[in-house]
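Good morning, and thank you for making time for this.

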Amino acid sequence: MSRLTIDFFHDVVCCWCFNISSRMRSLAAEFDLDIRHRTFVLQADRTEMAARWGSPEAARETILGHWSACKEVSDRPELVDIEAMRAAPFDYPHGMTAALGCKAAEVLGGQGAHWDMFDHLQRAHLTDATNIADPIVVRDIARCLGFKAAVFADAFYAPTTAQAVEADRQRARALQVRSVPALVIRETGARLVNGTRNDLATQLRSSLKLIA
């Protein structure tokens with residue numbers, strides 16, 4: 001039976017990625033998909049945040065407006081706590097620290113570990129209003145997932161992990177990916193259109209017919 005391989009570009013700080021991640025988990029099981037996780041950091045540090053949004057206050061309010069729209073169409077709206085993030089005592093976080101955490105998990109445990117780290121970091125971000133730009137937070141989550149602290153720290157800070165994040169960015173450029181979530185089917189070059197689980201399933205069935 002034909003099998004689809006999908007490059008899933010995502011950023012931990014992206015609420016829309018949260019919506020689609022759980023849908024893709026379910027669909028991966030139903031369609032036996034090979035999901036390849038790709039980090040796509042929208043802003044890599046405080047300087048890039050300032051360049052994109054102007055001020056921390058403007059960043060928070062604009063992004064939380066995105067959260068509101070995302071929550072309305074989420075399968076799990078109760079997990080998106082807008083008011084908690086609005087009251088958080090830190091600037092809205094950039095995505096680089098979390099991306100390094102996801103790649104470190106991938107180095108140590110493969111694609112499944114990357115996905116587990118991604119989902120746990122998103123819950124820390126969207127539900128618990130935790131500062132996932134803090135390496136200590138990321139390392140604590142890794143420990144909760146069963147990684148040994150020293151082993152994970154070595155992977156997290158390894159230059160090759162940062163290089164892997166950059167390699168994903170270069171792959172995104174090659175595929176002309178400019179926003180997330182982006183799901184690119186390798187066998188056809190098509191991109192799944194973000195939608196409900198049923199919408200995504202319909203698109204997957206169409207893609208499978210093309211490669212049958």
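This is a predicted model: local features need pLDDT of at least 70, side-chain atom pairs count only at pLDDT 80 or more; totals for chains, interfaces and linings use all residues.

Residues are numbered from 1 along each chain as its sequence is written, and side-chain values use heavy atoms, with hydrogens and water left out.

Let me begin with the spaces. Rolling a probe the size of a water molecule over the atoms shows where empty space is left. Here the search runs on a 1 Å grid over the protein atoms alone: a cavity is a set of points where a 1.4 Å probe fits but cannot get out, a pocket is an open set with protein on both sides within 12 Å along at least five of seven lines, and a lining residue has an atom within 4 Å of a point. Grid points are joined across faces, edges and corners, and a volume is the space filled by probe spheres set on the points.

The largest pocket holds about 290 Å³ of space, and among its 15 lining residues C14, L42, W53, I63 and H66 lie nearest the centre. Two or more lining residues come from each of α1 (15-31), α2 (46-53) and α3 (56-72), where helices (H or I, at least four residues) and strands (E, at least two) are DSSP runs, numbered from the N terminus. By class, this lining has 11 nonpolar, 3 polar and 1 charged residues; Ala, Val, Leu, Ile, Met, Phe, Trp, Tyr, Cys and Pro count as nonpolar, Asp, Glu, Lys and Arg as charged, and the others, Gly among them, as polar.

The second largest pocket has about 220 Å³ of space and 13 lining residues, of which R46, M49, D91, Y92 and P93 are nearest its centre. The largest share of that lining, 3 residues, is supplied by α2, and the classes come to 8 nonpolar, 3 polar and 2 charged residues.

Now to some single residues. D168, in helix α8 (residues 159-174), counts as buried at 2% relative accessibility, where buried means under 20% relative accessible area, exposed over 50%, and partly exposed in between (1.4 Å probe, protein chains only). Which side chain makes a polar contact with the side chain of D168? The partner is K103, at 2.9 Å; a polar contact is a pair of N or O atoms within 3.5 Å, where within protein one must be able to donate a hydrogen and the other to accept it, and residues adjacent in sequence count only if both atoms are side-chain atoms.

Turning to the aromatic rings, the structure holds 5 aromatic pairs. One of them joins W67 and Y92 edge-to-face, at 6.3 Å centre to centre and with 70 degrees between the planes. Because W67 lies in helix α3 and Y92 in the loop between α4 (82-86) and α5, the pair ties together parts that are 25 residues apart in sequence. For the terms, rings of Phe, Tyr and Trp (its six-membered ring) pair if their centres lie within 6.5 Å, and planes under 30 degrees apart count as stacked, over 60 as edge-to-face and the rest as tilted. W67 is buried at 1% relative accessibility, and Y92 is buried as well, at 5%.

The rings of F156 and Y157 have centres 4.8 Å apart and planes at 90 degrees, so this pair is edge-to-face too.

I will end with the backbone. A cis peptide bond, with omega about 0 degrees, joins V180 and P181, and P181 sits in the loop between α8 and β3 (182-185). Q176 is placed in the loop between α8 and β3, and its phi is near 60 degrees, a positive value in a residue other than glycine.
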